Amino acid sequence: MTFTPSLGDALSRIGETQIPLSAQAAVIIGVAALAAVGVQQFWLVTRHVGVIAHEGAHAVMALGTGRVRRVTLNPDGTGTTYLQLPPGSAHVAAGLAGYLGPSAFGLAAAALIAAGHIVAVLWVVLLLLALLLVLLVRTAFGVVLILLIGGLLYLVARYAAVGVEIAVAYGVTWLLLLSGVRMVLDHGHRAADAISLARLTRVSPWLWSLLWLAGTIGALVIGGALLI
């Protein structure tokens, strides 16, 4: 492996474009990500990536209309975003965003990759994790989790060869796209967000679950096409 000689050189790659992987290589990484999401033993670890994106989506959606008080991330793969919002549609928008979050972030990353800004994906993820850590996360497990994930990504972005950075960016993107679908399938109409939205809107939790499923599958199809 060729190590990046300086932080400046590593950061300069953000504004550069890289050649996307071949379709075959992208599919191989996608299959590996599918195993990480589909095999239960692996999912017990990788689901935390989806939970971070889920709670982050709640926070992002709420920032325009209210205030985010704090985010908790728990060892059992659950999390909570505590919001202070005005009554009405703001609660619905924030509640709707959570289960679409991993897929939305994954789709945005896939678009960056398709545009050739592949290394930038790693730095954008690092920036979002840093903002979440500094501003919102208030549990010891959450702090350790984000520091661990962020630290690993930083080592790749700072020291790894471009080829390794590209492979990891693809892996992160596939993981987000796939974890969005898995989380909806796991929680379905029993999700706390679905129940909360049903109380706010009188719309059945089943319909919210179906909406999330359609959105996450759609993002996976579009994102997968961009990656391949």
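**Terms and their grounds**

Analyst: Of the contacts in the protein between residues at least 6 apart in sequence, 75% join residues at least 24 apart, where contact means heavy atoms within 4.5 Å. This is a predicted model, in which local features need pLDDT of at least 70 and side-chain atom pairs count only at pLDDT 80 or more, while totals for chains, interfaces and linings use all residues. Residues are numbered from 1 along each chain as its sequence is written, and side-chain values use heavy atoms, with hydrogens and water left out.

User: Why is the pair of Tyr99 and Trp212 called tilted?

Analyst: Rings of Phe, Tyr and Trp (its six-membered ring) pair if their centres lie within 6.5 Å; planes under 30 degrees apart count as stacked, over 60 as edge-to-face and the rest as tilted. Tyr99 and Trp212 lie 4.7 Å centre to centre, with 35° between the planes. Tyr99 belongs to helix α4 (residues 89-114) and Trp212 to helix α9 (residues 205-227), so the pair ties together parts 113 residues apart in sequence. Helices here are DSSP runs (H or I, at least four residues), numbered from the N terminus.

User: Why is the pair of Trp123 and Tyr154 edge-to-face?

Analyst: The ring centres of Trp123 and Tyr154 are 6.2 Å apart and the planes stand at 90°, so this pair is edge-to-face. Trp123 lies in helix α5 (residues 118-135) and Tyr154 in helix α6 (residues 140-159), so parts 31 residues apart in sequence are tied together.

User: How do you know whether Trp123 is buried or exposed?

Analyst: Buried means under 20% relative accessible area, exposed over 50%, and partly exposed in between (1.4 Å probe, protein chains only). Trp123 has 13% and is therefore buried, whereas Tyr154, at 32%, is partly exposed.

User: Why does Arg202 count as exposed?

Analyst: Its relative accessibility is 78%, so Arg202 counts as exposed. Arg202 is placed in the loop between α8 (192-201) and α9, and its phi is near 65°, a positive value in a residue other than glycine.

Note on methods. Helices (H or I, at least four residues) and strands (E, at least two) are DSSP runs, numbered from the N terminus.
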